[in-house]
Amino acid sequence: MSAHCQVTGREPGFGNTISHSHRRSKRRFDPNIQRKTYWVPSLGRKVTLRVSTKGIKTIDRRGIDAVVREILARGEPV
């Protein structure tokens, strides 16, 4: 699986690396993806997610139950 956040949906961005002489070559901006395991009380088990650091902050703010419910509603396996 590519660098894709299960919570926010962030994916790699594409652009150019520009050298000092201003030559351009293609590059890829990957999001900071982490593998994180959470205990989900509503499911009664641990869940491992591939989340970006922004996704981790979202989980801290909204709660793991709400985020997992949203992921399951989309049809993604958890």
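1. Helices (H or I, at least four residues) and strands (E, at least two) are DSSP runs, numbered from the N terminus.

2. A word on the basis of these points. Please keep in mind that this is a predicted model, in which local features need pLDDT of at least 70 and side-chain atom pairs count only at pLDDT 80 or more, while totals for chains, interfaces and linings use all residues. Residues are numbered from 1 along each chain as its sequence is written, and side-chain values use heavy atoms, with hydrogens and water left out.

3. Leaving aside residues up to four places away in sequence, L49 touches Q6, Q34, R35, K36, Y38, I59, I64, I71 and V78; contact means heavy atoms within 4.5 Å.

4. Next, the pairing of β3 with β4. Strands count as paired if DSSP finds at least two bridges between them, and β3 and β4 have eight, in the antiparallel sense. Within this pair, T37 is opposite T48 of β4. Four residues lie between the strands of this hairpin, where G44 has a positive phi near 70°.

5. β1 (13-18) and β2 (residues 24-29) run antiparallel and are joined by six bridges. G15 faces R27 of β2 across the pair. Between the two strands are five residues, and H22 takes a positive phi near 75°. I would flag H22, in the loop between β1 and β2, as a residue other than glycine with a positive phi. For context, most residues other than glycine have a negative phi.

6. S52 belongs to strand β4. Is S52 buried or exposed? At 2% relative accessibility, S52 is buried. Its contacts, not counting residues up to four places away in sequence, are C5, T8, R10, N32 and I33.

7. E11 sits in the segment before β1 and is exposed, at 53% relative accessible area. Beyond residues up to four places away in sequence, E11 touches A3, H4 and P31. From E11 to T53, 42 residues apart along the chain, the C-alpha separation is 13 Å.

8. On rings, there are zero aromatic pairs, taking pairs to be rings of Phe, Tyr and Trp (its six-membered ring) with centres within 6.5 Å, where planes under 30 degrees apart are stacked, over 60 edge-to-face and the rest tilted.

9. How many salt bridges does the structure hold? The count is four, each a side-chain nitrogen of Lys or Arg within 4 Å of a carboxyl oxygen of Asp or Glu. One of them joins D30 and R28, at 2.7 Å from N to O.

10. Finally, R62, E70, R74 and E76 are linked in a network of salt bridges. E70 and R74 have their closest N and O atoms 3.8 Å apart. Why are these two about one helical turn apart? Because E70 and R74 are four residues apart in helix α2. E70 is partly exposed at 34% relative accessibility, as is R74 at 43%. R74 also bridges to E76, with 2.7 Å between the closest N and O atoms.

Key. Buried means under 20% relative accessible area, exposed over 50%, partly exposed in between (1.4 Å probe, protein chains only).
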